[in-house]
Amino acid sequence: MIKRKLLESLKAHMSKKEISFIVGPRQAGKTTLMLLLKEDLERRGERTVFLNLDIESDKEFFSSQSKLVKKIELEIGKRKGFVFIDEIQRKEDAGLFLKGIYDMNLPYKFITSGSGSVELKEKIHESLLGRKRIFELSTLSFEEFIDFRTEYKYENKLSDFFSVESTKIYELLEEYLNFGGYPRVVLEAELAEKREIINEIYQSYIERDISYLLKVHKTEAFSNLVKMMAAQIGNLVNLSELSSILGISIKTLKDYLWYLEKTFIIQRVSPYFRNIRKEITKSPIFYFYDLGLRNFASGNFGSLKDTGFVFQNFVFNILKEKTRVSPSKICFWRTKDKAEVDFVVDLGTDLIPIEVKYRKLVKPEVPRALRSFIEKYEPGKALIVNLTLDTTIKMNRTEIHIIPFHRILENDFFVK
């Protein structure tokens, strides 16, 4: 069993009246997480009921609010209990449906889940304003992956693992960069099986979430867009060029990109700028939530070629997780004369520029673009993330931390 760190946060939320809402990509492990939570509650003597809108026999209980309430009363009575509803996005007008039940002030705590669809992300959340807390479950983080691969011997003490298993860490990094973090993919040992599973995940996403939930009929153009986005992670996206190649309008392209974001496939990163005349201000770049899905879409699953960009995507995912509960914003920096810094974490009161190098640095190297950014904005600190070198140098008032990638997991560089 792969442990998920989100489970503890969910357990802590069981005493709250508001709905616990688990969202995330298809097959990231939401149902498994709910079942583990249900087992934990039952061990403590709590009454539970589990309903899944992907199961035909459960769908009938959602024909009306009164019918669902009667089903719950039949299973756990009119006393305190916990109601699990899986795949809630299958219910038409799910937000209003749940809002009505929540406002009945029943003695039940609701835990719901659903894959990211436009209906789930927009209509449901808007209807349940003030009545729910969102818990986002992505595919396995690198930390969860390492814990599982090391049989939890170093759980909550990763720094010990990094210092003791200096060779093993690079083997695990390479595996994660190649195959990503979908639980079913991680659990399989054979490459052929991993490929079959990631293909099934990809096809079910296109055929179910896109064709059915999002009512996108040109799935071929949509699928081609996913492949093109996979081929240019970390690069500026030219919408006009993309729409021309795909044979779709700019409006349709923007809709498709929006769908990809709302369904937890890609993540948009906007440029950081103060000088409109000299810095890029509009064109975004994109990264994938899961590296394995990205590699499959680009045709490199299990035989990675553009490792530098994938490593950059990997670092972005860690940065996003580290800054998730803060008001910080992750951007990138480009100038019109092509100077670029991979990431800029905007803390509000300060900036942290970050350069990513998939190399084993042996001595400090500060790229010209990073020097330019430091001279222009005078941040308190900057990071150069690499594979091995760990040292700190000074440039003017800026401390430049040259660190191996795992130190981002261990240290909190983003506290104001």
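The structure is a predicted model, in which local features require pLDDT of at least 70 and side-chain atom pairs count only at pLDDT 80 or more, whereas totals for chains, interfaces and linings use all residues. Residues are numbered from 1 along each chain as its sequence is written, and side-chain values use heavy atoms, with hydrogens and water left out. The protein chain has an average pLDDT (the predictor's confidence in each residue, from 0 to 100) of 90, and 94% of the residues score at least 70. Among the elements, with helices (H or I, at least four residues) and strands (E, at least two) taken as DSSP runs numbered from the N terminus, the lowest mean pLDDT, 66, belongs to helix 6 (residues 118-127), and the highest, 97, to helix 10 (residues 183-187). Where pLDDT is low, the predicted coordinates should not be read in detail.

Nonpolar cores are defined here as sets of buried Ala, Val, Leu, Ile, Met, Phe, Trp, Tyr and Cys residues joined through side-chain atoms within 4.5 Å, where buried means under 20% relative accessible area, exposed over 50%, and partly exposed in between (1.4 Å probe, protein chains only). The largest nonpolar core comprises 81 residues, and those with the most contacts inside it are Phe-142, Phe-311, Phe-314, Ile-354 and Phe-414. Apart from this core lies another, of 27 residues, which includes Ile-72, Tyr-102, Leu-106 and Leu-128. When residues up to four places away in sequence are not counted, Phe-311 is in contact (heavy atoms within 4.5 Å) with Leu-173, Leu-177, Val-356, Lys-357, Tyr-358, Val-385, Asn-386, Leu-387 and Phe-405.

Helix 12 (residues 219-231) packs against helix 15 (residues 291-298) at an angle of about 110°, and the two axes are 8 Å apart; axes are lines fitted to C-alpha atoms, for helices over the stretch in contact, and angles run from 0 to 180 degrees between N-to-C directions. Helix 12 is therefore roughly perpendicular to helix 15, a description that covers angles of 65 to 115 degrees, with those under 35 counted as roughly parallel, those over 145 as roughly antiparallel and the rest as oblique. At this contact, Val-226, Lys-227, Ala-230 and Ala-231 of helix 12 meet Arg-294, Ala-297 and Ser-298 of helix 15.

With neighbours within four places in sequence left aside, Leu-41 is in contact with Met-14, Glu-46, Thr-48, Phe-82 and Phe-84. The C-alpha atoms of Leu-35 and Phe-50, 15 residues apart along the chain, are separated by 8.4 Å.

Positive phi values in residues other than glycine occur at Gln-27, near 65°, and at Phe-264, near 60°. Tyr-272, located in the loop between strand 6 and strand 7 (285-288), is buried at 8% relative accessible area; its C-alpha atom lies 25 Å from that of Arg-294, 22 residues away in sequence.
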